Amino acid sequence: MEYGLIGNPLGHSYSKPIHESLADYTYEIHPLEEEEFSPFMEKKEFLAINVTIPYKQKVIPYLDEMDEHAKEINAVNTIVNRDGTLKGYNTDYLGFDYMLRKHAIQLEGKKVVILGNGGAAQAIKAVVNSRDVRERVIVDVVASDESISYEACLNNHTDAEVIINTSPVGMYPNVEASPLDLTPFTKLEAVLDVIYNPIETALTAQAKSMGLIGVTGLEMLVAQALYAVEIFLDVEISEEKIPPIYEKIKKMLENG
């Protein structure tokens with residue numbers, strides 16, 4: 001394999017059509033069982049790969065270098081092999097940053113609530129931390145030193161202006177589910193959901209019904225792939241390529 005994606009499971013990945021729309025190479029979807037992971041990384045028989053669940057942190061001991069975003073997030077989704085030296089990157093950070101810029105969503109001076117504190121939350125937290133937000137609140141099913149409960153959120157933080165869902169609640173096939181009722185959030189301006197299947201989650205649909213910005217994660221998915229291709233091939237690619245690929249994958253999702 002020269003270029004591709006490792007993870008498990010990978011049954012519904014859209015990375016192949018996205019990458020092959022961005023670059024002139026064959027992109028392989030390469031599911032790895034746990035026992036196959038170490039031999040694969042030790043052999044280094046690839047030019048560049050993307051990494052998804054459950055290996056975004058497990059790849060780190062095999063790397064020689066990491067970029068600043070990967071270090072801060074402590075997760076890697078892009079690896080380049082240069083003459084046997086492996087360098088890890090995190091383009092999820094850049095993908096979410098694109099999502100904010102594309103929809104002109106300003107976080108500066110705002111109260112931002114992040115739903116979920118698992119693997120998907122880490123890149124989002126890093127982007128939020130890079131902005132001069134007024135307050136950052138993390139909400140999780142189980143409260144911890146870093147997060148509060150949903151009940152505490154509803155009791156104390158309904159003045160949030162931006163809500164970002166990083167939890168899997170609302171993901172296909174449980175498309176009717178929503179992590180939160182937005183009705184009490186009277187100062188809300190925008191809702192972002194990193195879920196990309198379905199194209200419209202119950203959460204973002206409610207946001208739009210309230211006249212707010214509601215954005216799901218397909219643009220982030222395409223954008224993080226574009227930045228990965230730039231790293232793979234050491235080239236610059238215009239962000240203008242993202243919208244047509246977004247529309248192409250959106251049609252694929254809508255057609256099942």
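## Helix packing and strand pairing

Helix 4 (residues 92–102) and helix 8 (residues 218–233) pack with their axes 8 Å apart and at an angle of about 125°. Because angles of 65 to 115 degrees count as roughly perpendicular and those over 145 as roughly antiparallel, helix 4 and helix 8 are therefore oblique to each other. Helix 4 passes helix 8 in a right-handed crossing. On the side of helix 4, the residues that take part are Asp92, Leu94, Gly95, Phe96, Tyr98, Met99, Arg101 and Lys102, and they meet Glu219, Met220, Ala223, Gln224 and Tyr227 in helix 8. By class, the residues of this contact of helix 4 with helix 8 comprise seven nonpolar, two polar and four charged. The model described here is predicted, and the account below should be read with that in mind.

Helix 8 also packs against helix 1 (residues 15–22). The axes of helix 1 and helix 8 come within 10 Å of each other and cross at roughly 55°, and the two helices are therefore oblique to each other. Their crossing is right-handed. Helix 1 contributes Ile18, His19 and Leu22 to the contact, while helix 8 contributes Leu221, Val222, Ala225, Leu226, Ala228, Val229 and Phe232. The contact of helix 1 with helix 8 has nine nonpolar residues, one polar residue and no charged residues.

| Helix pair | Axis separation | Crossing angle |
|---|---|---|
| Helix 4 and helix 8 | 8 Å apart | about 125° |
| Helix 1 and helix 8 | within 10 Å | roughly 55° |

Helix 1 also belongs to a right-handed β-α-β unit, which is made by strand 1, helix 1 and strand 2. In this unit, strand 1 (residues 3–7) and strand 2 (residues 27–31) run parallel and are joined by five bridges, with Ile6 standing opposite His30 in strand 2.

Elsewhere in the model, five strands form an open sheet in the order 8-7-9-10-11, and their pairing is parallel. Strand 8 (135–139) and strand 11 (213–215) stand at the edges, where each has a single partner strand, so one side of each is left without a neighbour in the sheet. From one strand to the next, the twist averages 15°. The partner of strand 11 is strand 10 (residues 190–193), and these two strands pair in the parallel sense over three bridges, with Val191 standing opposite Gly214 in strand 11.

How values were computed:
Residues are numbered from 1 along each chain as its sequence is written. This is a predicted model: local features need pLDDT of at least 70, side-chain atom pairs count only at pLDDT 80 or more; totals for chains, interfaces and linings use all residues. Side-chain values use heavy atoms; hydrogens and water are left out. Two strands pair if DSSP finds at least two bridges between them. Helices (H or I, at least four residues) and strands (E, at least two) are DSSP runs, numbered from the N terminus. Axes are lines fitted to C-alpha atoms, for helices over the stretch in contact, and angles run from 0 to 180 degrees between N-to-C directions. Angles under 35 degrees count as roughly parallel, over 145 as roughly antiparallel, 65 to 115 as roughly perpendicular and the rest as oblique. A crossing is left-handed if the near helix is turned anticlockwise from the far one by less than a right angle, and right-handed if clockwise. Contact means heavy atoms within 4.5 Å. Ala, Val, Leu, Ile, Met, Phe, Trp, Tyr, Cys and Pro count as nonpolar, Asp, Glu, Lys and Arg as charged, and the others, Gly among them, as polar. A crossover is right-handed if, with the strands pointing away from the viewer, the path from the first strand over the helix to the second runs clockwise.
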